[in-house]
Amino acid sequence: MDSEREDELLQPKIHPLKLFDIAKSEDRLLYACAPMVRYSKLAFRQTVHHFGTDLCWTPMILAKEFNRNQFARDSDLTVSTSVPPFPPRTNSSTRAPGGGAEVPTIAQFGANDPVELSRAASLAAPFVNGVDLNCGCPQSWACSSSLGAALMERRELVRDMIVATRARLSLEGWAVDLSPDSELSNQGPYGRGQGRGRSVSVKIRVHKDLRKTLDFVTTVLGDEQRRNIDFLTIHPRTRNTPSSVPINLEALEVLTSTFGTKLPILVSGDVFALSTLPYTSHLLDTQPTFTTTISPPSPSTSSNKPPPQPQSQPPTKPHLPHLSGLMSARALLANPALFAGHNSCPWAAVDVFMNAVARAPLPLKLAVHHLTEMCGPGFGPDRERGGALLTRAERARLAETGSWVDVVDYLDEVRRGRGLAGGGVW
């Protein structure tokens with residue numbers, strides 16, 4: 001393949017803002033795969049994309065190391081010019097011009113310096129659809145280095161990093177004009193930039209005092225007509241809130257109602273199944289309504305018994321009309337087909353992942369960990385009803401396999417024992 005053709009294939013063709021428009025035109029939310037340390041590698045991104053995920057994040061990449069080390073660039077950011085031989089996707093909205101099955105990807109960086117972030121974005125721009133600044137990682141090592149969630153206390157620095165990054169991408173020809181009069185913005189509410197355009201975004205957590213979060217977003221967003229960021233991802237937990245605690249729905253409702261008309265907003269956290277989300281939207285399937293019916297007292301007993309008391313109603317879910325997308329992490333790791341409507345992982349997702357790994361290799365132990373997660377109970381409504389593909393004992397045996405031959409043979413053995421067809425590499 002000549003270098004010019006290879007460069008053409010490497011360069012993504014779809015601007016993320018176009019994906020928001022496409023999702024909205026299909027009367028649904030945009031579906032995104034969260035950045036996960038070690039796990040958001042190419043093979044996994046290809047798998048979730050095959051099952052309906054629109055936009056994928058890389059694991060958080062340290063901008064300073066990415067800028068200085070070729071090995072870091074090669075290991076942290078992997079892309080593909082080939083089309084995986086998977087069965088056709090039912091959703092072809094992200095099929096790139098020319099027939100390539102593009103997996104729209106956002107490179108997420110950890111940075112605390114405008115020069116470092118803008119340079120890393122420049123290096124990554126030819127190979128991804130956009131860049132994202134991590135302001136949400138709560139791990140102590142990141143916060144002690146003024147990375148991740150520590151940046152939620154430094155809104156001016158975050159703004160400066162975003163402005164510097166957008167300026168450098170613009171200087172190098174990666175900008176998209178989002179002003180109201182531009183040709184790219186008049187085709188949809190968020191613009192339909194494509195080709196060389198690259199998005200710039202931020203992923204945040206919330207403060208205990210929500211007023212600080214409102215000030216943070218206002219500062220980073222800048223002029224609404226020429227905003228600094230293209231879209232925003234909100235994880236509505238504080239830096240110190242564990243994942244076992246439900247997300248702050250009140251904060252999410254306030255932030256989406258305040259900023260959701262100004263730019264697309266994704267929510268990250270507690271996206272375990274499309275049927276069990278703790279909020280509603282006109283872009284989600286209609287949620288069941290709960291009513292209390294009181295039967296009139298029987299004439300023969302009304303004088304002897306007090307009238308029945310109304311039954312307590314389930315709490316009302318907040319309605320989020322300005323939410324634009326859903327981002328999932330743990331639930332997608334356990335069920336890559338989550339956004340295809342599956343409440344638990346199907347064997348088809350296991351097959352797609354194993355074929356992806358055959359072409360975009362992962363270390364054996366990491367790939368086997370992916371498989372044990374997929375074959376486990378997951379996080380959907382079937383979790384307590386025996387929805388796992390493998391029992392706990394079977395998953396333990398899978399984790400002990402020492403080669404890919406052993407993995408394939410063992411999974412085929414289990415499936416044949418249940419009267420199912422074996423998998424395989426296509």
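**A covered helix and the helix pairs beyond**

Guide: The protein chain has a mean pLDDT of 85, with 80% of its residues at 70 or more; pLDDT is the predictor's confidence in each residue, from 0 to 100. Two stretches call for caution. Residues 92-100 have a pLDDT below 50, and this stretch has 20 contacts in the model beyond near neighbours in sequence; contact means heavy atoms within 4.5 Å. Residues 286-303 also have a pLDDT below 50, with 13 contacts beyond near neighbours in sequence. Where pLDDT is low, the predicted coordinates should not be read in detail.

A word on how to read the rest. This is a predicted model, in which local features need pLDDT of at least 70 and side-chain atom pairs count only at pLDDT 80 or more, while totals for chains, interfaces and linings use all residues. Residues are numbered from 1 along each chain as its sequence is written, and side-chain values use heavy atoms, with hydrogens and water left out.

Here is the setting. The protein chain holds 15 helices and nine strands; these are DSSP runs numbered from the N terminus (helices H or I, at least four residues; strands E, at least two). Of the 426 residues in the chain, 50% are buried, where buried means under 20% relative accessible area, exposed over 50%, and partly exposed in between (1.4 Å probe, protein chains only). Among contacts in the chain with a separation of 6 or more, 75% join residues 24 or more positions apart.

Now to the part you asked about, helix 2. This helix spans residues 16-25 and is mostly covered, with seven of its ten residues buried. Those seven are Pro-16, Leu-17, Leu-19, Phe-20, Asp-21, Ile-22 and Ala-23. What do they pack against? Their partners are strand 1 (30-33), strand 2 (55-57), strand 4 (105-110), strand 6, strand 7 (231-234) and strand 8 (265-268).

Follow the chain out of the helix and you come to Asp-27, in the loop between helix 2 and strand 1. Its phi is near 55°, a positive value in a residue other than glycine. Asp-27 counts as exposed because its relative accessible area is 59%.

Strand 6, one of the partners of helix 2, leads on to Arg-205, which sits in the loop between strand 6 (199-204) and helix 9 (210-221). Arg-205 has 9% relative accessibility, so this residue counts as buried. Leaving aside neighbours within four places in sequence, its contacts include Cys-135, Met-152, Thr-213, His-235, Arg-237 and Arg-239. Arg-205 and Thr-233 are 28 residues apart in sequence, and their C-alpha atoms are 8.7 Å apart in space.

Ser-146 lies in the loop between helix 7 (140-144) and helix 8 (155-171). With a relative accessible area of 25%, Ser-146 is partly exposed.

Helix 8 brings us to the helix pairs. The axes of helix 6 (residues 114-124) and helix 8 come within 8 Å and cross at roughly 35°; axes are lines fitted to C-alpha atoms, for helices over the stretch in contact, and angles run from 0 to 180 degrees between N-to-C directions. The residues that meet include Leu-117 and Ala-121 in helix 6 and Met-161, Ala-164 and Arg-168 in helix 8. By class, this contact divides into seven nonpolar, three polar and three charged residues (Ala, Val, Leu, Ile, Met, Phe, Trp, Tyr, Cys and Pro count as nonpolar, Asp, Glu, Lys and Arg as charged, and the others, Gly among them, as polar).

Helix 3 (residues 42-50) packs with helix 12 (residues 347-359) at an angle of about 145°, their axes 8 Å apart. Ala-43, Phe-44, Gln-46, Thr-47 and His-50 of helix 3 meet Ala-349, Val-352, Phe-353, Ala-356 and Val-357 of helix 12. That contact has seven nonpolar, three polar and no charged residues.

Leu-364, Ala-367, Val-368 and Leu-371 of helix 13 make the contact with Trp-404, Val-407 and Leu-411 of helix 15. By class, there are seven nonpolar residues here, with no polar and no charged ones.
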